[in-house]
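Thank you for letting me take a few minutes of the meeting. Please have a look at the sequence and the model as they come up, and then we will go through them together.

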Amino acid sequence: MFTKDQIETLTAQARTGADYPKLVQSFKKLGIRTYEHIVADGSDIYYGDDGHSVRVALGPESIPVSDASSTGKLRHPIAIHQQG
């Protein structure tokens with residue numbers, strides 16, 4: 001079973017969006033099957049087999065989330081992040 005410390009160690013090694021594919025492969029090797037990012041508080045919940053899950057909180061601050069969504073506005077920041 002994976003731990004919060006293992007997840008934090010791997011995540012710290014990913015510096016840019018270009019590192020993301022390697023990070024995902026490392027997560028798979030740990031046994032992480034899926035994860036969910038909670039935008040409102042910046043935390044991630046990682047799920048493995050047999051109902052095992054680990055929540056990793058990135059900070060104590062809440063993030064305001066709009067009720068309206070815009071796919072077009074989201075694509076640009078993601079593209080910038082992936083380019084490093």
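The residues that line the largest pocket of this predicted model divide into 11 nonpolar, 6 polar and 2 charged. The volume of this largest pocket is about 690 Å³, and of the 19 residues in its lining, the ones closest to the centre are Tyr20, Tyr35, His37, Asp44 and His81. If we then ask which elements give two or more residues to the lining, the answer is helix 2, at residues 20-30, strand 1, at 34-38, strand 2, and helix 3, at 71-82. Helix 3 supplies the largest share of that lining, with 5 residues. As for how such a space is found at all, rolling a probe the size of a water molecule over the atoms shows where empty space is left.

Let me now step back to the protein as a whole, which has 3 helices and 3 strands, and whose elements, read from the N terminus on, follow the order α-α-β-β-β-α. Its C-alpha trace spans about 35 × 25 × 20 Å along the principal axes, and of the 84 residues in the protein, 21% are buried.

The next topic is a pair of helices. Two packed helices are described by the angle between their axes and the distance between the axes. Here, the axes of helix 1, which covers residues 4-13, and helix 2 come within 10 Å and cross at roughly 160°. An angle over 145 degrees counts as roughly antiparallel, and helix 1 and helix 2 are therefore roughly antiparallel to each other. The crossing of these two helices, helix 1 and helix 2, is right-handed.

I would like to finish with a loop, the one between strand 2, at residues 43-47, and strand 3, at 53-56, where we find Asp50. Is Asp50 buried or exposed? With a relative accessible area of 78%, Asp50 is exposed, because anything over 50% counts as such.

Finally, Gly48 and Gln82 are 34 residues apart in sequence, and from C-alpha to C-alpha they are 26 Å apart in space.

Note on methods:
Residues are numbered from 1 along each chain as its sequence is written. This is a predicted model: local features need pLDDT of at least 70, side-chain atom pairs count only at pLDDT 80 or more; totals for chains, interfaces and linings use all residues. Side-chain values use heavy atoms; hydrogens and water are left out. Helices (H or I, at least four residues) and strands (E, at least two) are DSSP runs, numbered from the N terminus. Buried means under 20% relative accessible area, exposed over 50%, partly exposed in between (1.4 Å probe, protein chains only). On a 1 Å grid over the protein atoms alone, a cavity is a set of points where a 1.4 Å probe fits but cannot get out, and a pocket is an open set with protein on both sides within 12 Å along at least five of seven lines; lining residues have an atom within 4 Å of a point. Grid points are joined across faces, edges and corners, and a volume is the space filled by probe spheres set on the points. Ala, Val, Leu, Ile, Met, Phe, Trp, Tyr, Cys and Pro count as nonpolar, Asp, Glu, Lys and Arg as charged, and the others, Gly among them, as polar. Axes are lines fitted to C-alpha atoms, for helices over the stretch in contact, and angles run from 0 to 180 degrees between N-to-C directions. Angles under 35 degrees count as roughly parallel, over 145 as roughly antiparallel, 65 to 115 as roughly perpendicular and the rest as oblique. A crossing is left-handed if the near helix is turned anticlockwise from the far one by less than a right angle, and right-handed if clockwise.
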